[in-house]
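Please look first at the sequence and the model below, and keep both in view while reading. The report then goes through them topic by topic.

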Amino acid sequence: MIGRLNHVAIAVPKLEAGVAVYRDTLGAKVSAPQAMPEHGVTVVFVELPNTKIELLEPLGAGSPIGKFLEKTPGGGIHHVCYEVADILAARDQLKAKGAKVLGDGTPRIGAHGKPVLFLSPKDFCGTLVELEQV
Ligand code: CO
């Protein structure tokens, strides 16, 4: 069902510091910050030859990564995103296998303008999984 690794998302308390690590220390190409108030994050995309890293900084009160950063104040891997061809078919297959889809199960438009869903870490080896239809 799942295809390519689309991105790994890393939550950081300070985006500028994360950008400096990836751009200056690791020598990667990093996009300009993009505020996504509807997702409660500001994001930059780190372009790698075979995938992307997204650095996420909380934006506004009640950011979905706020609680995560309370537990891991220095930042950490927040989720991994796998590509699927048909997100509704993937959702229905996963639900039939007993996996928990977060929210109301309706795909939302993610950071790349494509439909996404999140799956409970409890069912996926302790890792929050994002599915993105490509
Ligand atoms: Co993501």
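## Basis of the report

This is a predicted model, in which local features need pLDDT of at least 70 and side-chain atom pairs count only at pLDDT 80 or more, while totals for chains, interfaces and linings use all residues. Residues are numbered from 1 along each chain as its sequence is written, and side-chain values use heavy atoms, with hydrogens and water left out.

## The cobalt site

The cobalt ion has as its protein donors His-7 and His-79, each through NE2, and Glu-130 through OE, at distances of 2.0 to 2.1 Å. Donors here are N, O and S atoms within 2.8 Å of the metal (3.2 Å for Na, K and Ca), and because water is not among the atoms, sites may look incomplete. Along the sequence, the spacing of the donor residues is written H-x71-H-x50-E. The two histidines link distant parts of the chain, since His-7 belongs to strand β1 (residues 5-11) and His-79 to strand β6 (residues 76-84), 72 residues apart. Strands (E, at least two residues) and helices (H or I, at least four) are DSSP runs that are numbered from the N terminus.

Are these two histidines buried or exposed? His-7 is buried, its relative accessible area being 1%, and His-79 also counts as buried, at 4%. In this report, buried means under 20% relative accessible area, exposed means over 50%, and partly exposed lies in between (1.4 Å probe, protein chains only).

## Salt bridges

The structure holds 3 salt bridges, a salt bridge being a side-chain nitrogen of Lys or Arg within 4 Å of a carboxyl oxygen of Asp or Glu. One of them joins Arg-4 and Glu-83, whose closest N and O atoms are 3.5 Å apart. Arg-4 lies in the segment before β1 and Glu-83 in strand β6, so this pair ties together parts that are 79 residues apart in sequence.

Another salt bridge brings together the side chains of Asp-24 and Arg-23, with 2.8 Å from N to O, and Arg-23 is partly exposed at 43% relative accessible area. Asp-92 and Arg-91 also form a salt bridge, with their closest N and O atoms 3.0 Å apart. Asp-92 is partly exposed at 42%, while Arg-91 is buried at 17%.

## The largest pocket

The largest pocket has a volume of about 770 Å³. On a 1 Å grid over the protein atoms alone, a pocket is an open set of points with protein on both sides within 12 Å along at least five of seven lines, and lining residues have an atom within 4 Å of a point. Grid points are joined across faces, edges and corners, and a volume is the space filled by probe spheres set on the points.

This pocket is lined by 32 residues, and those closest to its centre are Pro-64, His-78, Leu-102, Phe-118 and Leu-128. At least two lining residues come from each of β4 (41-47), β5 (52-58), α2 (66-71), β6, β8 (115-119) and β9 (128-133). By residue class, the lining divides into 15 nonpolar, 11 polar and 6 charged residues. Ala, Val, Leu, Ile, Met, Phe, Trp, Tyr, Cys and Pro count as nonpolar, Asp, Glu, Lys and Arg count as charged, and the others, Gly among them, count as polar.

In helix α1 (residues 15-25), the buried residues include Leu-15, Gly-18, Val-19 and Tyr-22. Seen down the axis of α1, its buried residues fall within an arc of 100 degrees, so they line one face of the helix; the arc is that of the directions from the helix axis to the C-beta atoms. On the face turned away from this buried side, α1 carries the exposed residues Glu-16, Asp-24 and Thr-25.

Cys-125 lies in the loop between β8 and β9 and is exposed, with a relative accessible area of 80%. Although Cys-125 is not a glycine, it has a positive phi of about 60 degrees. Most residues other than glycine have a negative phi.

Ser-63 is found in the loop between β5 and α2 and is buried at 11%. From C-alpha to C-alpha, Ser-63 and Thr-25 are 28 Å apart in space, and they are 38 residues apart in sequence.

Definitions and conventions. On a 1 Å grid over the protein atoms alone, a cavity is a set of points where a 1.4 Å probe fits but cannot get out, and a pocket is an open set with protein on both sides within 12 Å along at least five of seven lines; lining residues have an atom within 4 Å of a point.
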